[in-house]
Amino acid sequence: MLLRIAFAKKKLKLTALTVAAALTVAPMAALAQEGKGPSFLRDTESEQLLREYTRPILRAAGLEKQNIQMVIINDSQFNAFVADGRRIFVNYGAMMQSETPNQIIGVLAHETGHLAGGHLAKMREQLAQAQTQMIIAMLLGAGAMVAGARGGAGSGLTNAGAAAFSAPGEMIKRNLLSYVRQQEENADKAGVKFLTATGQSPRGMWETFKRFSDESLFAARGADPYLQSHPMPAERVRALEELARSSPYWDKKDDPALQMRHDMVRAKISAFMERQETVYRRYPMSNTSLPARYAHAITTYLHGDLRSAIAQIDGLIALQPGNPYFYEVRGQALLEGGKPAEAIAPLRKAVQLSNNAPLMEMLLGQALVAANNTANTDEAITILRAAVARETEAPLGFSQLAMAYGRKGDYAQADLASAQAAYLRGDNKTARDLASRAKTRFAIGTPGWVKADDIVSAKPLPGQRSN
């Protein structure tokens with residue numbers, strides 16, 4: 001199930017330490033909302049693959065117990081970055097543009113280097129120090145200007161004071177950028193170290209950064225190296241290549257089975273995120289590979305030919321009857337095609353084969369609710385409650401749970417679930433109103449009343465509107 005999930009709850013300064021500079025984002029909501037910044041993409045298959053890519057690297061870095069999460073950003077540009085010490089963000093464009101697993105694994109190893117090095121915390125210290133330096137410089141500059149004014153218009157102190165305002169700022173900026181360049185170099189070294197420790201080639205990291213170097217040579221020509229947040233491309237790539245080639249695993253290739261999974265995820269993302277004509281340029285009908293067939297089936301259902309899409313998906317299932325993602329796509333196609341009752345069986349199979357993946361459980365719960373059969377209500381509630389217990393920031397699960405409770409006539413739980421969904425979407429006013437109503441339906445002090453009271457009392461987080 002590939003969903004576009006808008007950020008709406010928090011506002012975090014994310015240091016983009018691989019390719020870009022910094023982004024300001026907030027957490028997930030149920031549906032993409034215009035004007036609320038970047039958004040997540042949620043998909044069990046893609047997220048599971050990224051987790052498997054990072055797991056051995058995190059173990060080598062001593063971070064395996066830190067519960068580092070992988071988050072896919074709805075952005076076609078190549079980028080990956082770290083934030084708050086517990087998440088690695090990856091644009092879907094980075095996955096699309098990485099032709100091999102090793103290329104995206106190399107980028108993830110680099111980002112793990114930032115986490116292992118505590119670079120975010122250190123950068124915050126540098127920024128705080130720079131801010132203090134700037135304040136002192138401004139006070140000194142202001143004092144000089146005041147003294148100059150007392151000395152008359154001809155006093156040189158006035159000009160000196162004005163210069164004191166601008167010169168330190170430029171110097172502080174250069175120092176900060178130099179510090180970031182050093183962090184990038186350290187992350188490269190750490191990334192190669194982690195890859196070597198896990199028996200993986202650092203070649204993919206070098207190939208990726210070499211590509212960016214080639215693309216940016218013209219833009220960087222004539223630029224002041226002291227004003228760049230990353231090392232000069234050619235300099236950095238040469239150092240990385242020398243280090244990477246020293247690895248005994250430089251020539252090691254990706255496992256063919258892993259390459260196939262990588263190609264399947266890329267095909268899936270292409271089908272969901274790109275225009276139909278673009279999908280067919282990437283995967284022409286003459287291409288009968290499994291990834292191409294996957295992309296064809298998805299784009300067929302997305303563009304309204306449900307019967308043909310189901311036939312294509314059934315062909316995929318015949319080839320891999322144990323693949324949960326094929327059953328998931330079949331169920332999603334039927335659900336979105338207005339056949340929720342028919343979607344239940346394949347989604348139930350997807351949940352079973354995936355070991356109860358919560359996003360799949362939410363989709364199954366949605367089908368059970370949409371089938372409009374009261375006999376399904378209790379099962380839907382059980383499944384959705386299990387899903388939101390493990391996937392606590394997914395508004396879809398709470399909104400479907402609210403509908404299921406409403407069908408059962410449990411309006412206290414329905415209001416509470418609706419309030420939780422609204423809160424995750426960043427709609428604080430609606431969340432408070434629904435939670436306030438839920439409080440009147442629950443007995444004081446019960447778990448439901450306490451949860452509703454928490455929402456009513458919650459202050460808007462940074463980046464949220466108080467409405």
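Q: What makes Arg211 count as lying over the face of Phe212?
A: A charge sits over a ring if NZ of Lys or CZ of Arg is within 6 Å of the ring centre and within 35 degrees of the ring normal. Arg211 is placed at 5.3 Å from the centre of the Phe212 ring and over its face. This is a predicted model, in which local features need pLDDT of at least 70, side-chain atom pairs need 80 or more, and totals for chains, interfaces and linings use all residues. Residues are numbered from 1 along each chain as its sequence is written, and side-chain values use heavy atoms, without hydrogens or water.

Q: How many aromatic pairs are there by the rule?
A: Rings of Phe, Tyr and Trp (its six-membered ring) pair if their centres lie within 6.5 Å; planes under 30 degrees apart are stacked, over 60 edge-to-face, and the rest tilted. The count is six.

Q: Why is the pair of Phe78 and Phe212 called edge-to-face?
A: The ring centres of Phe78 and Phe212 are 5.0 Å apart and the planes are at 75°, so the pair is edge-to-face.

Q: Why is the pair of Trp206 and Trp250 called tilted?
A: Their centres are 5.7 Å apart and their planes stand at 55°, so the pair is tilted.

Q: How do you know whether Phe78 is buried or exposed?
A: Buried means under 20% relative accessible area, exposed over 50%, and partly exposed in between (1.4 Å probe, protein chains only). Phe78 has 6% relative accessibility, so Phe78 counts as buried. Phe212, at 18%, also counts as buried.
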